[in-house]
Amino acid sequence: MNPLPPAPAPPDSSRPVKPWRKALSTLALSAVALLKFGAKLKFFLVPFLKFLPVLLKSGGSMLLMIGVYASQWGWKYAVGFVLLLLLHECGHLLAAKRFGLSVGAPVFIPFMGAHIALREAPPNAWVESWVGIGGPLLGSASALACHLLGHAFDSPLLVALAWTGYWLNLFNLIPVSPLDGGRIATAITPWLWVPGCALLGWMLWRHPTHFLLWIIGICALPRLLSLLRKRTPTESLFYAITPSQRGVMASLYFLLLAALWFGMQSTHPRLP
């Protein structure tokens with residue numbers, strides 16, 4: 001009887017495993033786990049990936065603006081200032097959405113501010129005025145919140161941000177296009193563009209090297225010149241709003257101007 005062949009010797013467990021094999025094995029297991037986890041989260045990941053470019057566009061420009069302003073005024077003030085701008089722009093966004101208009105993500109440009117691009121034109125002056133005043137309304141409320149919190153906690157930083165918010169929204173209410181006041185004037189009377197341009201001209205005379213004022217002035221000219229020609233039927237239909245709508249927008253506009261001016265005066269003595 002032939003003896004059974006000897007059983008093979010078990011592998012030597014003390015023998016070291018090569019590092020590259022161990023790394024490959026760990027990587028393969030991790031990839032399989034991620035694929036399984038990603039398949040389960042597909043329902044949540046797909047919508048997020050669709051909006052990722054928009055989020056990066058807005059968030060990236062916000063971070064850039066915070067970085068630029070932090071180098072001049074410190075990161076706390078820079079963050080607060082950019083948040084005030086964001087809330088102002090969100091006011092425009094909410095108003096536009098309320099009337100069913102398509103808008104883009106907020107874009108922040110250092111030393112020029114921020115804007116939300118309308119992807120479709122407002123159908124009439126009433127809608128355009130509400131989109132225009134939506135930003136100053138929410139922006140003014142945000143400045144008031146900083147004002148109240150600054151007094152409550154005796155915070156010079158919050159008081160300074162409140163003054164900045166009041167000034168920012170008051171400047172935007174100058175009745176010239178492309179500022180918010182220029183949009184609001186379409187529902188009150190486009191002739192408000194004349195004193196608005198006169199005020200802008202005075203500011204340019206006081207600050208002749210301020211490039212942002214020059215850009216606003218150049219952009220304001222086409223609408224100002226449109227007052228000198230006869231309106232087309234389409235333009236007449238655009239500006240056709242009821243007297244009650246005109247009265248509501250005029251009341252909101254001039255009350256907001258007065259409130260912002262009062263807010264600036266009340267915070268100015270406490271500025272650091």
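1. In this predicted model, helix H5 (residues 156–172) packs with helix H10 (residues 243–267) at an angle of about 150 degrees, and their axes lie 9 Å apart. H5 is therefore roughly antiparallel to H10, given that angles over 145 degrees count as such. The crossing of H5 past H10 is left-handed.

2. Which residues form the contact of H5 with H10? From H5 come Val159, Ala162, Trp163, Tyr166, Trp167, Asn169 and Leu170, and they meet Leu257, Leu260, Trp261, Gly263, Met264 and Thr267 of H10. Sorted by class, this contact of H5 with H10 comprises ten nonpolar and three polar residues, with no charged residue.

3. A second pair consists of helix H7 (residues 193–206) and helix H8 (residues 211–226), whose axes come within 10 Å and cross at roughly 155 degrees. H7 is therefore roughly antiparallel to H8. Here, too, a left-handed crossing is found, with H7 passing H8.

4. On the H7 side, the contact with H8 draws on Trp193, Val194, Cys197, Leu200, Met203 and Leu204. H8 contributes Leu213, Trp214, Ile216, Gly217, Ala220, Arg223, Leu224 and Ser226. Eleven residues of the contact of H7 with H8 are nonpolar, two are polar and one is charged.

5. Helix H4 (residues 125–152) and H6 pack at an angle of about 145 degrees, and 7 Å separates their axes. H4 passes H6 in a left-handed crossing. The H4 residues in this contact are Ala125, Glu128, Ser129, Gly132, Ile133 and Pro136, and those of H6 are Asp180, Arg183, Ile184, Thr186 and Ala187. In the contact of H4 with H6, five residues are nonpolar, three are polar and three are charged.

6. When neighbours within four places in sequence are left aside, Ile188 is in contact with Arg246, Met249, Ala250 and Tyr253.

7. The protein chain contains ten helices and two strands. In sequence order, the pattern is α-α-α-β-β-α-α-α-α-α-α-α. Among the 272 residues of the protein chain, 38% are buried. Of the contacts in the protein chain with a separation of 6 or more, 66% join residues 24 or more positions apart.

8. The average pLDDT of the protein chain is 80, and 77% of the residues score at least 70. Residues 1–13 have a pLDDT below 50, and this stretch makes zero contacts in the model beyond near neighbours in sequence. The pLDDT is also below 50 over residues 41–52, a stretch with three contacts in the model beyond near neighbours in sequence.

Definitions and conventions: Residues numbered from 1 in each chain as written. Predicted model: local features only at pLDDT ≥ 70, side-chain atom pairs only at ≥ 80, totals over all residues. Heavy atoms only, no water. Axes fitted to C-alpha atoms, helices over the stretch in contact; angles between N-to-C directions. Helix = DSSP H or I, 4+ residues; strand = E, 2+ residues; numbered from the N terminus. Parallel < 35°, antiparallel > 145°, perpendicular 65-115°, else oblique. Left-handed = near helix turned anticlockwise from the far one by under 90°. Contact = heavy atoms within 4.5 Å. Nonpolar A, V, L, I, M, F, W, Y, C, P; charged D, E, K, R; others polar. pLDDT = per-residue confidence, 0-100. Buried < 20%, exposed > 50% of the residue type's maximum accessible area, 1.4 Å probe, protein only.
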